Amino acid sequence: MRQGESAPKGAWTGAAVGGVKAPEPIILPDPVSRFARTCQRLERLADGHPMEGWLSFMAAVADAQRAACEGLPAVAGPDEADVRLAVEARLPPIAADGWRRDPVWRDGLGLLIDRFDGAALPPAAATVIATLRKRTAEDTETRADAFLRGRIEPADAGAAFWIAAALQVYFTGLAAGMHAESLRLLEQRGLCPCCGSTPSAGVVRASGQTPGARYLHCSLCSTAWNHTRAVCVTCGGSRGLALRGIGGDSGVVKAETCDECQTYAKLMYEAKDTRVDPYADDLASLALDIMVSEAGWARHAPNPLLLMA
Ligand SMILES: [Zn+2]
Ligand SMILES: [Zn+2]
């Protein structure tokens with residue numbers, strides 16, 4: 001039989017044009033596996049690390065976030081029409097600072113702090129948890145708004161840590177209920193297309209359909225979105241970029257510095273370690289933040305769980 005004589009019977013597989021697939025623009029999170037993965041990675045990274053005690057504590061926090069995801073009911077997100085309107089206006093449909101939160105997020109906060117009740121916490125942390133418990137719902141909501149708008153009073157930093165952790169649980173659950181195909185990347189490519197927040201870090205994939213693609217991972221709702229490599233996450237420039245790392249380390253985490261806007265963002269390489277996690281590896285590479293910021297670049301956005309520092 002010559003070519004073209006008979007129509008193929010099977011369905012086409014692969015891309016219709018060319019052989020190279022475009023990276024999926026947006027990948028929504030699976031809440032339980034997101035926090036379970038971060039927990040496992042933190043446990044592993046903590047072992048023998050100079051900040052072992054703190055990383056182990058952060059692993060316990062991630063585990064509590066995983067348990068909170070399992071313990072909370074599914075939350076209702078925006079309806080399709082509202083998503084369409086937001087996307088047409090190039091706005092994030094569950095904007096961190098505008099979305100009307102379901103009070104269920106405070107149940108998540110309760111589940112989180114219950115886990116640490118009576119745990120061997122330093123007295124200051126135990127006091128923060130006791131105070132959080134006594135607050136009225138209105139008071140907690142006001143503080144959540146302040147956190148989401150980036151206006152935390154120094155006196156509130158301890159409470160903001162738990163509020164941030166609970167909001168990650170809630171927004172990750174909300175993002176999981178969205179439909180990736182109805183979303184669009186924002187014009188500001190460095191911001192999350194779901195909630196408009198800044199990313200924790202970027203990961204250069206080694207596996208999946210498009211190895212070599214960079215995905216940024218939202219610091220609030222855990223959505224991942226594709227971002228062109230060698231383009232600054234903050235200003236979109238490409239002329240003054242350089243990759244910097246700590247000599248002699250595993251090479252998993254680098255800082256991409258930009259001389260056009262004097263900021264840096266972390267970039268992680270799955271090819272160097274398939275278990276890399278943008279949340280856990282960010283915490284375990286604080287030495288890189290210190291090195292790069294001492295050399296004059298400012299981090300593109302803070303890690304929400306480090307605002308208490
Ligand atoms: Zn987000
Ligand atoms: Zn830049």
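Into which domains is the protein divided? The protein is divided into domain 1 (31-181) and domain 2 (185-306), with bounds that come from an automatic or database domain assignment. This is a predicted model, in which local features need pLDDT of at least 70, side-chain atom pairs count only at pLDDT 80 or more, and totals for chains, interfaces and linings use all residues. Residues are numbered from 1 along each chain as its sequence is written, while chains are lettered from A and ligands numbered from 1 in the order in which they are written.

**Figure 1. Contact between domain 1 and domain 2.** The centres of the two domains, taken over C-alpha atoms, are separated by 21 Å. In contact are 25 residues of domain 1 and 21 residues of domain 2; a contact is a pair of residues whose C-beta atoms, placed from the backbone, lie within 7 Å. On the side of domain 1 that touches domain 2, helix 1, helix 2 and helix 7 each supply at least two residues. Helix 7 gives the largest share of that side, nine residues. By type, the residues of this side are 17 nonpolar, four polar and four charged. Here Ala, Val, Leu, Ile, Met, Phe, Trp, Tyr, Cys and Pro count as nonpolar, Asp, Glu, Lys and Arg as charged, and the others, Gly among them, as polar. Helices (H or I, at least four residues) and strands (E, at least two) are DSSP runs, numbered from the N terminus.

**Figure 2. The largest nonpolar core.** Such a core is a set of buried Ala, Val, Leu, Ile, Met, Phe, Trp, Tyr and Cys residues joined through C-beta atoms within 7 Å. A residue is buried if 20 or more other C-beta atoms lie within 10 Å of its own, exposed if 12 or fewer, and partly exposed in between, with C-beta atoms placed from the backbone. Of the 75 residues in this core, Leu-42, Ile-163, Ala-166, Leu-167, Cys-195 and Cys-221 touch the most other members. Helix 7 contributes the largest share, 15 residues. The core lies between domain 1 and domain 2, because both give residues to it.

**Figure 3. Helix 1 (residues 31-46) and its surroundings.** The 16 residues of helix 1 reach 23 Å from first C-alpha to last, close to the 22 Å expected at 1.5 Å a residue; the expected span is 1.5 Å times one less than the number of residues. Among the buried residues of helix 1 are Phe-35, Cys-39 and Leu-42. Their cover includes helix 2 (52-71), helix 7 (157-176) and helix 8 (280-284). Leaving out residues up to four places away in sequence, Leu-42 touches Leu-55, Met-58, Ala-59, Ala-62, Ala-280 and Leu-283. Gly-48, with a positive phi near 80°, follows helix 1.

Figure 4. Strand 3 pairs antiparallel with strand 2 (residues 199-204) over five bridges, pairing being defined by at least two DSSP bridges. Pro-199 has Cys-218 as its bridge partner. Three bridges join strand 3 to strand 4 (residues 224-226), also antiparallel, and Tyr-215 stands opposite Asn-226. In the hairpin of strand 3 and strand 4, with five residues between the strands, Ser-222 takes a positive phi near 70°.

Definitions and conventions: Contact = placed C-beta atoms within 7 Å.
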